[in-house]
Amino acid sequence: MRLLIENVHKRFGRLEALKGVHLELRTGEILGLLGPNGAGKTTLLKVILGLLLPEEGEVLLEEGPRRRRPEGHEFGVLLEGSRNLYLNHTLLLNALYFGGIRGLPPSRVKPRFLRWLERFGLKDRLHAPLASLSRGMQQKAALALALALEPKFLLLDEPTLGLDPASRLELEAILLELKGEGWGILLTSHDLLTVERVSDRVAFILEGQILRQGPTRALLQEWAEEGYVLRLAEPRAEEVAEALGERWLAEGKDRLLFRGGWEELRALLPGLGVEVLEISRGLPSLETVFLKLLKAPLKKAAP
Ligand SMILES: Nc1ncnc2c1ncn2[C@@H]1O[C@H](COP(=O)(O)OP(=O)(O)OP(=O)(O)O)[C@@H](O)[C@H]1O
């Protein structure tokens, strides 16, 4: 099954927030949607959910040869963390309320919700107000609720927002498990490390246009078929990368990435003008590629 976003345009008055977006999400995969503030990520999620109507284009579900409009209940949603839930109500009441909105009776929602809570280690919090849970627990409760409503796809807007490193890793593991069980997951995040670790594919959105999309690994490799990471003795990576040109990228303060072969690098080493402590093979991080793409001039939307 595939979710297809075809040529979606969305305007807010004179602002063209989405300019012909094409995207697809398959079951059993995690797609990372990346873009700077205001790029159109949340707007796109809202269009997929049917909360906003596009002026042009459509969102379709493809099942075998059949294509149809998806229904709201086919999506499990985490909008900007868990802020779309009622903090002062108990977990159970939230689940029954949102289940009710989707036409699911308590007898169906409660056991499923309990099962997911148990899996996420929160079963004993069923009657606690959501506000009494820590941020990470709230995220997990929101995810349990989304899953209890029997969706086909999960749309997660900034799911790692405000999570500490341990909770973030835990959420990553949960997402990978869910993917393995066949859910299709669309993830927007500024947390590029998480996206790099979990996503099968990524799409970069800028000013309402998809700049690039493709398998995460291939995108990173495309940027450096062969690459080396140099650890510098001083935190001068940015300055050195700037001075050396196109094939050098700063990966943090003291890490420099060279896109090219070993012999070439070896010849260049004496002229670098900075002490190198360690060299290892490596690819650029998603963050480096992202920042590089943002600097490139905006071209016409790529399909
Ligand atoms: N309801 C609205 N009315 C008017 N303009 C809007 C509305 N919602 C979004 N916009 C505008 O559309 C553009 C895209 O916003 P959107 O929230 O989709 O960005 P985003 O990529 O999710 O950003 P962030 O990473 O900051 O959450 C922005 O310029 C924003 O100001």
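**Entry 1: ligand shell**

I began with the ligand: β2 (15–26) and α1 (41–49) each supply at least two residues of the shell around it. I take helices (H or I, at least four residues) and strands (E, at least two) as DSSP runs, numbered from the N terminus. The model is predicted, so local features need pLDDT of at least 70 and side-chain atom pairs count only at pLDDT 80 or more, while totals for chains, interfaces and linings use all residues. Residue numbers start from 1 along each chain as its sequence is written.

I listed the residues around the ligand as Phe 12, Leu 15, Ala 17, Gly 35, Asn 37, Gly 38, Ala 39, Gly 40, Lys 41, Thr 42 and Thr 43. A residue is near a molecule or strand if its C-beta atom, placed from the backbone, lies within 6 Å of it. The largest share of this shell, 3 residues, comes from α1. By class I have 4 nonpolar, 6 polar and 1 charged residues; Ala, Val, Leu, Ile, Met, Phe, Trp, Tyr, Cys and Pro count as nonpolar, Asp, Glu, Lys and Arg as charged, and the others, Gly among them, as polar.

**Entry 2: sheet**

I looked up the open sheet of 6 strands and found the order β6-β7-β8-β3-β9-β10, with mixed pairing. β6 (75–78) and β10 (209–215) are at the edges with a single partner strand each, so one side of each lacks a neighbour in the sheet. Two strands pair if DSSP finds at least two bridges between them. β6 pairs with β7 (residues 153–157) in the parallel sense over 4 bridges; Leu 155 in β7 is the bridge partner of Val 77.

I checked α2 (residues 91–101) against α4 (residues 135–148): they pack at about 30 degrees, with axes 10 Å apart. Axes are lines fitted to C-alpha atoms, for helices over the stretch in contact, and angles run from 0 to 180 degrees between N-to-C directions. The contact is made by Leu 91, Asn 94, Ala 95 and Phe 98 of α2 and Ala 141, Leu 145 and Ala 148 of α4. Two residues are in contact if their C-beta atoms, placed from the backbone, lie within 7 Å.

Next, the axes of α2 and α3 (residues 106–119) come within 9 Å and cross at roughly 135 degrees. That makes α2 oblique to α3, since angles under 35 degrees count as roughly parallel, over 145 as roughly antiparallel, 65 to 115 as roughly perpendicular and the rest as oblique.
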